Amino acid sequence: PGAGASLRLCSMRVAQEGINKPVIDRIIRVDHAGEYGANRIYAGQMAVLGRSSVGPVIQQMWNQEKDHLKKFNELMVIYRVRPTVLLPFWNIAGFVLGAGSALLGKKGAMACTVAVEESISEHYNNQIRTLIEEDPEKYKELLQVIKQFRDDEQEHHDIGLEHDAEATPAYSVLKTAIQLGCKTAIFLSERI
Amino acid sequence: VRCQQYPPLRALQASAVLRRASDEHKKEPLTSSSQQHFDSPPADHQPEPQEPQGPHPSYTGQGGQESEDYESEEQLQHRILTAALEFVPQHGWTAEAIAEGAKTLGLSVAAAGMFQRDGSELILHFVSECNTKLSKLLEKEQKLVQLGEAEKKPIDEFLRDAVEARLRMLIPYIEKWPQALSVLLLPRNIPSSLSLLTSMIDDIWHYAGDQSTDFNWYTRRAVLTGIYNTTELVMMQDSSPGFEDTWRFLENRVADAMAMSNTASQVQSTGEAVVQGLMGAAVTVSN
């Protein structure tokens, strides 16, 4: 059973020899931070709305984010990438954002989901563009992963809209504020 | 399978590291000082048609013989510095050692003009060579474990052995090492020396099997850096036979770190249990 894993890892090792380390470093670090934050946001939302009618929906989206995080944990070890030093901060900030938005009601939680998932989808699209510009063949596996995750996040965004996110009071203000926070988080996690 | 990040050892690798270390010095008036030295070449040397900076199509040595392959400036600097190490115990980390090294390669002593007067590049070159040796050693050991020819060491023993192996590389230069440490701490050298230190510590943890992706990544490296630096300082003062005091100090520090991490995880699980208890109480009360 180990042979397959070691073959896969060794083929990634050969791939590592020619990669643009700084670019890949950033990509994996920020994506890892993003999925970690998303996990905490959904955890916060579940803490408040876990037993409401949208509980199962949020739970399902949360499970997908857990899978995403697991994948990035693996990639982080394979590519020997340093995690962002702000992780403890994203831990708390994510939970507070999730719980805070959920306290605004189910629509508030969905609005938060829409805002965050829209930011993340755009961010993944940027990364896909970067990797394709670099070398689509060399980064084929990574591209596949990011494309899949981008599609998942887009789906979460659509689910949020389906659940009346836009009907939240002060929706556009909330959305802008959250997206600004996401942009800042992305900027910082890439670098620190 | 642990996959190593570094490219396979080629002659260029070390010079690439030297280039990385010397990139920090590009802002220094290196060009102007080497320009001066090459403007008036010594009389016993054949005139060299090329400028000191930039790749040369060929290099004419003292005997008028051309080197066989194309050699970049980095590769040449790398060769000179490696040769200079032999003279460090005698001359210290100085331009004299570099000049002697250049002489053994059949080059003019003016070649020492390519480098800083305080021996920064020589020291950084030495540190990066030691780090490379350590990586190779750790990779070799890892292969043996994978092939089943050796036992996997417990973490404290692994860390101890890795730090000891790395510090032992200082022994031939131990008299002059305090001087080197002070040069490494010069503000303009700190980015390079810090980067070499962090990559070495990261290497050791990687081969020790660290797979943390949370804040532990930082704690572990910070702790090991502390252990390495303090042990290095102890070694400077150590006069016991075979540095046995140093290795005992190292063993104690590693044991302390292990105990600390055990305590930390105990505290964490206690904390988690307490939180769960509180949540349970809150749910009970709210019902």
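**Chat on a predicted two-chain model**

Trainee: Where in chain B does pLDDT stay under 50?
Mentor: Over residues 1-65 of chain B, for which the model has 111 contacts beyond four places in sequence. pLDDT is the predictor's confidence in each residue, from 0 to 100, and a contact means heavy atoms within 4.5 Å. This is a predicted model, in which local features need pLDDT of at least 70 and side-chain atom pairs count only at pLDDT 80 or more, while totals for chains, interfaces and linings use all residues. Residues are numbered from 1 along each chain as its sequence is written, and chains are lettered from A in the order in which they are written.

Trainee: What is the mean for chain B?
Mentor: Chain B has a mean pLDDT of 81, with 76% of its residues at 70 or more. Chain A averages 89, and 91% of the residues there score at least 70. In chain A the pLDDT is below 50 over residues 1-12, a stretch with 10 contacts beyond near neighbours in sequence.

Trainee: And what are the ipTM and pTM?
Mentor: ipTM is 0.86 and pTM is 0.77.

Trainee: How many helices and strands in chain B?
Mentor: 11 helices and 0 strands, taken as DSSP runs numbered from the N terminus (helices H or I, at least four residues; strands E, at least two).

Trainee: How much of chain B is buried?
Mentor: Buried residues are 43% of the 287 in chain B. Buried means under 20% relative accessible area, exposed over 50%, partly exposed in between, with a 1.4 Å probe and protein chains only.

Trainee: Switching to chain A: is A:Ala185 buried or exposed?
Mentor: A:Ala185 is buried, because its relative accessible area is 19%. A:Ala185 sits in helix 7 (residues 171-191) of chain A.

Terms used. Side-chain values use heavy atoms; hydrogens and water are left out.
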